[in-house]
Amino acid sequence: MARFKIGHSFCLDDREFKILSGAIHYFRVQPEDWYHSLYNLKALGFNTVETYLPWNMHEPQKGVFNFQGILDIEAFLQTAQDLGLYAIIRPSPFICAEWEFGGLPAWLLNENMRIRSSDEAFLQAVASYYDELLPRLTPRLLDNGGNILMMQVENEYGSYGEDKAYLRAIRQLMEERGVTCPLFTSDGPWRATLRAGTLIDDDVFVTGNFGSKADYNFAQLQEFFDEHGKKWPLMCMEFWDGWFNRWKEPIIKRDPDELARAVHEVLQQGSINLYMFHGGTNFGFMNGCSARGVIDLPQVTSYDYDALLDERGNPTDKYYAVQRMLKEHYPEYPQMEPLVKESFELGNIPLSQKVSLFETLPDLAEPIESLYPMKMEELGQNVGYLLYRTWASWDADQERLRVIDGRDRMQLYVDGQHMATQYQTEIGQDIMVDGQKKAGHQLDILMENMGRVNYGHKLLADTQQKGIRTGVCKDLHFLLDWQHYPLPLEHPEKIDFSKGWQEKQPAFYAFDFKMKALKDTYLDLSDFGKGVVFVNGVSIGRFWNVGPTLSLYIPHSLLREGDNRIIIFETEGIYSETIHLVNQPTFKTIKGENL
């Protein structure tokens, strides 16, 4: 049975061991493609895979757990072990990862607690999660015949807090549940974050996160080790080989040959985990959000990351550049030819059916009534859309409406007619609506949760509670008697396409087609506005015509031989009578840059 230890160097069975790791998040890759991605990692000459674990996916509702399908971490680890790969596991409560709420479950927002702290209520929530999670991992520790080398206590905590009692409590929760492998933290490599976020005096191994200037960053890490009398190996736990992308911003790219040189600079001094090796996709509503001052900037569905494997899992120019560098400088790491998947095109798929959201609304949600508007979390909803409805009397030929304190994006309809769309800083501004003096004007407000922040102080901000958080004013007073229709859109099969459709309203559009050979493809959404897409009932994520991405990736495993159905939920009233499946992603030019 293999043994892994951390001394002056990493040692595997008493032999010096350099970790060559790549990040592949099992929850961003369909299970049918795990082997493809892991094989390509092994084929590059790497020996280890690293992954976060998303608490909010494994416990979407308090006390309700899911470890099936794309969340089957045990099957993912077994696939890696079968290929001869070791694993680094990061089961910390918070993961960042450009993931919805940094992996924290939204139901925590209903609890009276301070997250990521030694607050007993938060620690109890983590303990309950670990009671379900860790028994699935401990049998897969290296000492128990598995492939897990080490586990993370907390993630970049030095960029958030310095509550050492909290860090020690998380460590204790792990050890009490049978975690015996070496533990580590990962932080920015400068002194302030290392001092705040590590347990170096408790002998918890310390790693750094950076994407360039390895000599400088490792020197800072080594200085911190020396200050505490530690003679540990150097490791970059997240070497950022690319970057994530946000709506309305250009795609971020990095030169492949420059990256290969930078990776070599790391390997000359220590071990590495490439973040990301395969980025994958933020399926569903699971994209994260960057916090910037008073406004939050949600990230796109694709987590391609300009990584060594593209969103499909195929090698990129970066892969081959690093491959050449390793062959020249580290021939002791054997390489193989990578796997490459084919993709396909299918154009002019005609529209089969369409229906307005307002018409099929009763099929999708039971209304919940209250005197004042309720937040999304108060309704037990985590992600997606929430429609608020009430009726109001008009006291003048023109009325002033305002949504007070709403997140994140609001669309207002009066008697089915679109009146305004507002986002974050615009919400609360006056909306002047003409109409007849009468009772019974129907107000519909569609709120979209575009993603909770995944990093920084705003994790604690009340802005992470979504929906209408205070109320809706007509003239100077708050309106009453609201109906709430939660729309996480988990059951698109309930949509009733036999009902009516009206232009310039949010609507569902169904497209049917047949297939024989199943291959990856992309859905070109250049002719649509904003919304989400379902392929045979599975949500493949959000789209938005502001760019930079104008397509969504469809893995082959979500398609079927024979009949297939794509349903597009579009909120802006912008649609096409045909769709096109293409073999490459579609991009939009932003700020003069051809993407």
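1. **Model.** Keep in mind that this is a predicted model.

2. **Largest pocket: size and centre.** Start with empty space. Rolling a probe the size of a water molecule over the atoms shows where such space is left. The largest pocket has a volume of about 1100 Å³. Its lining counts 40 residues. Nearest the centre lie Met-57, Met-286, Val-383, Pro-488 and Glu-490. Find these five on the structure and you have found the middle of the largest pocket.

3. **Largest pocket: what lines it.** Which elements supply at least two residues each to this lining? They are helix α2 (55-58) and the strands β24 (482-487) and β28 (538-544). By residue type, the lining of the largest pocket holds 23 nonpolar, 13 polar and 4 charged residues.

4. **Second largest pocket: size and centre.** This pocket holds about 540 Å³ of space. It is lined by 32 residues. Look for Cys-96, Glu-156, Trp-240, Trp-243 and Tyr-455, which lie nearest its centre.

5. **Second largest pocket: what lines it.** Four elements each give at least two residues to the lining: β9 (205-210), α7 (214-227), β10 (235-240) and β12 (289-292). The largest share is that of β12, with 4 residues. The lining splits into 15 nonpolar, 12 polar and 5 charged residues. Which domains each contribute at least three residues? Domain 1 (15-330) and domain 3 (372-480) do.

6. Strands of a sheet pair through backbone hydrogen bonds, either parallel or antiparallel.

7. **Where β22 meets β23.** Strand β22 covers residues 467-474. It runs antiparallel to β23, and 2 bridges join them. Lys-474 stands opposite His-477 of β23.

8. **Ser-576.** This residue sits in the loop between β30 (562-570) and β31 (578-582). Is Ser-576 buried or exposed? Its relative accessible area is 11%. Buried means under 20%, so Ser-576 counts as buried. The side chain of Ser-576 has a polar atom 2.9 Å from the backbone oxygen of Thr-578.

Notes:
Residues numbered from 1 in each chain as written. Predicted model: local features only at pLDDT ≥ 70, side-chain atom pairs only at ≥ 80, totals over all residues. Heavy atoms only, no water. 1 Å grid on protein atoms, 1.4 Å probe; cavity = no way out; pocket = protein on both sides within 12 Å on 5 of 7 lines; lining within 4 Å. Points joined across faces, edges and corners; volume = space filled by probe spheres on them. Nonpolar A, V, L, I, M, F, W, Y, C, P; charged D, E, K, R; others polar. Domains from an automatic or database assignment. Pairing = 2+ DSSP bridges. Buried < 20%, exposed > 50% of the residue type's maximum accessible area, 1.4 Å probe, protein only. Polar contact = N/O pair within 3.5 Å; in protein donor to acceptor, adjacent residues only side chain to side chain.
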